[in-house]
Amino acid sequence: MRFHFLAIAGSMAITIVSMPKATAQIPFLQQLPVPTSTSNQSNNKVVSDWVYLDGRRLFQIAATNNNIAERKENIEQNLQEITHNYVRSSAAEPAVQVRTLNGLPVIYVNNRYLMTITPQDASQGEGDGFALAESIKESLKQDLQRARQERQTQFFIDQAKIAGAIALTMLITSWGVTGWQRRSLKSDFSPALETNQITTQLNQQQQRHLREVKRRLFQFTQIGIWGGGNFIILGLFPYTRSLQVAILSAAQIPLRLAVVGVGTYVAIRLAYALIDRFTTTLISSGALLTTEEASERLQLRVSTFSGVTKSIATIVCVGVGILLALVSLGIDIVPLLAGASLVGVAVSLASQNLIKDAINGFLIILEDQYALGDVINVGNFGGLVENLNLRMTQIRDSEGRLITIPNSEVKIVANLSSRWSRADLSIPVDYQADIDQVLQLIGDIALKMDQDPLWQRKIIETPQVLGIDNFGDRGLIIRVWIKTQPLKQWDVAREYRRRLKIAFDKAGIFIPVPQQAVWVNDNPPVLHAQENGKGAGSGE
């Protein structure tokens, strides 16, 4: 984009003359690129760039990739010297001339060489070097007069007033945003009165994620207010405008990456909030367990579902953020995506077990075979599920060992804590005890425990006394079932045994140890006596 400025009143005497000689007196002609072999096409590629004066774009130049920076530096240095001399002179207007040298237009300002219009310059426009020179000449008249005007004392005073107004606006806006942030974070999310503890926990997590999103957006807004305001102030003065251009050039890539990074972080937090909201909706609609007696199981399933879903959302958001960062850096991601797809096919063929693990892990979570905090048995291993993801399941056994099982190896699993559990008790009783009294006592103890406020929430149904289950070496085996909340069967069984032992002691009922009866008969067997008698008779 070319900036055109208003010209100060007055006319300028501009002449076009021919200079067939003194080619060596033109410094830039000695620096024109000499055509060479195209062994390195990237270095010989013609590129364009802008020439700046006091941080303002004036016109474009073109050269090979190797020479563009040097040529731009020379032209801007000449332009700075011309501007400095013009501002200090008493001339009302600069004398800009376009001369011809070896068929190329050359621009002079106040009889000082500025630049030569090369064929590369002309090729960037309409192809006419002289027309381009005339356009640059008209622009220079306005640009130089504006440069002199911007160095006047009155201009600095006016710009200082504008800078003060901008600073005051920044201060007021920042104060308003800070107040808005405080009010929003305090009153935006009021604690909800939920009867379901899990729903309350999910709502709190959702509110926390949304607060974090708002906090980061407010911080980014503050940075934009102060950074943008100071950036505008730098552009008000000719001596700092070049700093503005330098900052814009240097901070362009970091700013893009910062925007992508903040956007990715905000997207992840919003995804977390949406997942919590979606989970709350599932609970409210009854898609998940909602009964009071299954609240602990529901909490286990929710934590597993939420954790795995959030991990997937994080991976997706980070992947998209990386692609956007590459795009912001000007990298063509289409070949990268094509290469990544080929690599993905190769990796998928080489890692079929990982794919099986992921598929089976997804089915385990979807079908709620088990969740974090469950007690399970997988093959010869059993314990508490400490970690569950799409690839593996980690359980902690009773000896404290952490056992890692790939999800593809989980074929038959026994869940000891899914929805409800059961305390299965086998109670030995002495053979000499009154069995009816024993059954009545066992039932009364179970019923009293079920009515105890400390235990009735852990016991789901009235305990069942199944009766005599077996005649064992320890006596009569009486079977009792107590249906409990998940993972509470061991606590209930221990307490029931304690109460039953106390009741048996009071009633005089013994709990026998393993025993064996041995019968000894002093009389000889009848069969043996008869055999002896027959033998004696035959002898007679």
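Reply: Start with the whole chain. Of its 540 residues, 36% count as buried. Keep in mind that this is a predicted model.

Me: How many helices and strands are there in the protein chain?

Reply: The protein chain has 12 helices and 13 strands.

Me: How do I read its contacts?

Reply: Look at how far apart in sequence the partners lie. Take contacts between residues at least 6 apart in sequence: 66% of them join residues at least 24 apart.

Me: And the surface?

Reply: Ask how much there is, and which atoms supply it. The accessible surface of the protein chain is about 32000 Å². Carbon and sulfur atoms account for 58% of that.

Me: Now a single residue. Where is Asp54 found?

Reply: Asp54 sits in the loop between strand S1 (46–53) and strand S2 (56–64). Check its backbone too. Its phi is near 55°, a positive value in a residue other than glycine.

Me: Is Asp54 buried or exposed?

Reply: Compare its relative accessibility with the cut-off. Buried means under 20%. Asp54 has 7%, so Asp54 counts as buried.

Me: Which loop holds Asn102?

Reply: Asn102 lies in the loop between strand S3 (96–101) and strand S4 (104–109). Phi of Asn102 is also positive, near 55°, and this residue is not glycine.

Me: Let me put the two together.

Reply: Go ahead. Asp54 is buried, whereas Asn102 is exposed. Each has a phi near 55°.

Conventions:
Residues numbered from 1 in each chain as written. Predicted model: local features only at pLDDT ≥ 70, side-chain atom pairs only at ≥ 80, totals over all residues. Heavy atoms only, no water. Helix = DSSP H or I, 4+ residues; strand = E, 2+ residues; numbered from the N terminus. Buried < 20%, exposed > 50% of the residue type's maximum accessible area, 1.4 Å probe, protein only. Contact = heavy atoms within 4.5 Å. Areas by Shrake-Rupley, 256 points an atom, 1.4 Å probe, with all protein chains shown as cover.
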